[in-house]
Amino acid sequence: MSIICPVCNGFYRLNLTCSCGSPLEDRGRLEDYAGPYSPYQGLKEDLFPEEETFESPEASCVHLMSCRDCSKDERVAVTQREA
Ligand SMILES: [Zn+2]
Ligand SMILES: [Zn+2]
């Protein structure tokens, strides 16, 4: 039994729209990014400002979404599930 992210595994795509109206592009898992986007460098407060919002951080695969038009970045926590 393993926990997988349905988005990473192609079960569905994130279809989100930026506040400017353009579609947000999925840049993949945030964990794949090094440096300033490192998930272990104080980002958790950013991602999970209220603990009750998410069941648990470990159960989520955080994707970085970005807008081509206005360069806005959005972090989206995808709930992982058992495979
Ligand atoms: Zn994922
Ligand atoms: Zn935008």
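What makes the arrangement of the four donor atoms around the zinc ion (ligand 2) tetrahedral? The legends below begin with that site.

This is a predicted model, in which local features need pLDDT of at least 70 and side-chain atom pairs count only at pLDDT 80 or more, while totals for chains, interfaces and linings use all residues. Residues are numbered from 1 along each chain as its sequence is written, chains are lettered from A and ligands numbered from 1 in the order in which they are written, and side-chain values use heavy atoms, with hydrogens and water left out.

**View 1. Four cysteines hold the zinc ion (ligand 2).** Donors here are N, O and S atoms within 2.8 Å of the metal (3.2 Å for Na, K and Ca); water is not among the atoms, so sites may look incomplete. The donor atoms subtend angles of 104 to 123°, and therefore the arrangement is tetrahedral; for four donors, that term asks that all angles lie between 85 and 135 degrees. Along the sequence, the spacing of the donor residues reads C-x1-C-x46-C-x2-C. Cys18 is buried at 4% relative accessibility, while Cys20 is partly exposed at 42% (buried means under 20% relative accessible area, exposed over 50%, partly exposed in between, with a 1.4 Å probe and protein chains only).

View 2. Cys5 is buried at 3% relative accessible area, and Cys8 is partly exposed at 39%.

**View 3. Three strands make an open antiparallel sheet in the order 2-3-4.** Strands are DSSP runs (E, at least two residues), numbered from the N terminus, and two of them pair if DSSP finds at least two bridges between them. Strand 2 (24–29) and strand 4 (73–79) are the edge strands, each pairing on one side only. Four bridges join strand 2 to strand 3 (residues 60–67); here Leu24 has Cys67 as its bridge partner, and Glu25 stands opposite Ser66.

**View 4. Strand 3 and strand 4 form a hairpin.** Seven bridges link this antiparallel pair, with Val62 opposite Ala77. Five residues lie between the two strands, and Ser71 in the turn has a positive phi of about 65°.

**View 5. Strand 3 is covered on both faces.** Ser60, Val62, Leu64 and Ser66 are buried on one side, and Cys61, His63, Met65 and Cys67 on the other.

Note on methods: Tetrahedral: all angles 85-135°; square planar, octahedral: opposite > 155°, others 65-115°.
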